[in-house]
Amino acid sequence: MKTKILIYIIFLFFAFSKYSFSNDLKLENKINKNLRCLICQGQSIYDSQSDFAESMKLVVKQKIESGMSEEEIYSFFKIQYGEWILYDPEFNTKNFALWLLPILVFLVGGIVILKKFGVSKKRL
Amino acid sequence: MKKRYYKYSIVSFLIFTFFIFYYGLKEKNFYTPEDISIKKFPNLILNDFYTNSKTSFDDILIGSNYYLINIWASWCLPCREEHTYLVQLKKNSPIKIIGINYKDKRDNALKFLDRYDNPYSVILNDNNGTASIEVGAYGVPESFILNAEKKIIKKIIGPIDKKKFNEIKKLINK
């Protein structure tokens with residue numbers, strides 16, 4: 001009985017320690033995928049193996065270990081390198097057209113299609 | 001008549017594509033957005049290159065009106081070209097030059113300084129490259145020019161050449 005409990009506890013310990021480990025790694029990978037490698041542009045630092053990206057990955061790891069949240073890490077890199085380093089740009093006065101244009105095109109296109117469709121429906 | 005028209009259009013299309021690629025591929029596609037915000041240089045604590053004792057930037061950035069922080073490595077070829085300008089700056093200008101030795105082997109770095117002279121007042125170690133990321137650098141070589149309040153007034157990505165050297169001189173002799 002005692003050994004059974006012991007094995008159970010050991011099993012639980014490993015299960016949970018593994019869980020927390022993989023969670024940290026998941027967060028690290030997620031952040032790495034969202035940061036642009038500024039040397040090999042077009043790649044995230046997760047994909048890249050340049051010196052720059054390798055150092056960035058280390059910094060991200062250190063920041064996570066020191067207890068910084070995902071948002072704090074992004075804002076740190078944003079301050080150091082500018083918003084260009086983030087793969088998920090913010091909505092602001094400089095780029096609002098980029099965000100709104102597709103929606104506008106979609107709506108206008110929808111109206112055009114609807115009008116055409118409405119006409120053909122009447123004909124049917 | 002129609003055949004001739006086809007011929008001309010194909011040839012002109014080929015010429016058009018040739019020039020598109022000729023100029024398009026020549027252009028440097030390294031994009032760095034202009035950053036006009038003036039930031040304070042972060043106070044990092046790094047190991048000294050010679051004594052290996054922990055040194056903070058607050059202790060070094062004292063006693064001069066301008067500072068140049070230069071990230072270099074002995075394995076980096078452009079660093080050699082830029083080094084002569086740093087030595088000249090050291091001799092002729094009231095600027096304190098601080099080196100960050102980036103991902104380098106100690107022996108090679110010492111040889112490098114022996115051969116090309118040492119313009120640095122202090123050299124700090126950055127063995128894994130993390131310090132360079134913390135200060136917002138892209139790689140080697142890279143230089144920051146700070147004023148007396150430790151604010152970054154100029155950032156030079158890549159080696160210092162004749163043109164940039166003159167820009168620096170203008171900036172500090174203002």
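Predicted model: local features only at pLDDT ≥ 70, side-chain atom pairs only at ≥ 80, totals over all residues.
**Figure 1. Overall form of chain B.** The secondary structure of this chain consists of six helices and seven strands. In sequence order, these elements give the pattern α-β-β-α-β-α-β-α-β-α-β-β-α. The C-alpha trace of chain B extends over about 85 × 40 × 30 Å along its principal axes. Of the 174 residues in chain B, 30% are buried. Among contacts in chain B with a separation of 6 or more, 74% join residues 24 or more positions apart.

**Figure 2. The five-stranded sheet of chain B.** This open sheet is arranged in the order S5-S4-S3-S6-S7, and its pairing is mixed. Strands S5 and S7 (152-157) of chain B form the edges, each pairing on one side only. On average, and with direction ignored, neighbouring strands of the sheet are turned by 15° against each other.

**Figure 3. The pairing of S3(B) with S4(B).** These two strands run in the parallel sense and are paired over six bridges. Within this view, Ile100(B) of S4(B) is the residue that stands opposite Ile71(B).

**Figure 4. The largest nonpolar core.** This core contains 29 residues, and Leu68(B) and Leu89(B) have the most contacts inside it. Two or more residues are contributed by each of the following elements of chain B: strand S3 (66-72), helix H3 (77-92), strand S4 (96-102), strand S5 (122-126) and strand S6 (142-147). S3(B) supplies the largest share, namely six residues. In soluble globular proteins, nonpolar side chains tend to be buried together.

Figure 5. Residues up to four places away in sequence being left aside, Leu68(B) touches Leu89(B), Ile95(B), Ile97(B), Ser143(B) and Ile145(B). Another core, of 13 residues, lies apart from the largest one and includes Ile45(A), Met56(A), Val60(A) and Tyr81(A).

**Figure 6. The contact between chain A and chain B.** Chain A provides 15 residues to this contact and chain B provides 14 residues. On the side of chain B that touches chain A, five residues are nonpolar, six are polar and three are charged.

Technical notes
Residues numbered from 1 in each chain as written. Chains lettered and ligands numbered in written order. Contact = placed C-beta atoms within 7 Å. Nonpolar A, V, L, I, M, F, W, Y, C, P; charged D, E, K, R; others polar. Core = buried A, V, L, I, M, F, W, Y, C linked by C-beta atoms within 7 Å. Buried ≥ 20, exposed ≤ 12 C-beta atoms within 10 Å, placed from the backbone. Helix = DSSP H or I, 4+ residues; strand = E, 2+ residues; numbered from the N terminus. Pairing = 2+ DSSP bridges. Axes fitted to C-alpha atoms, helices over the stretch in contact; angles between N-to-C directions.
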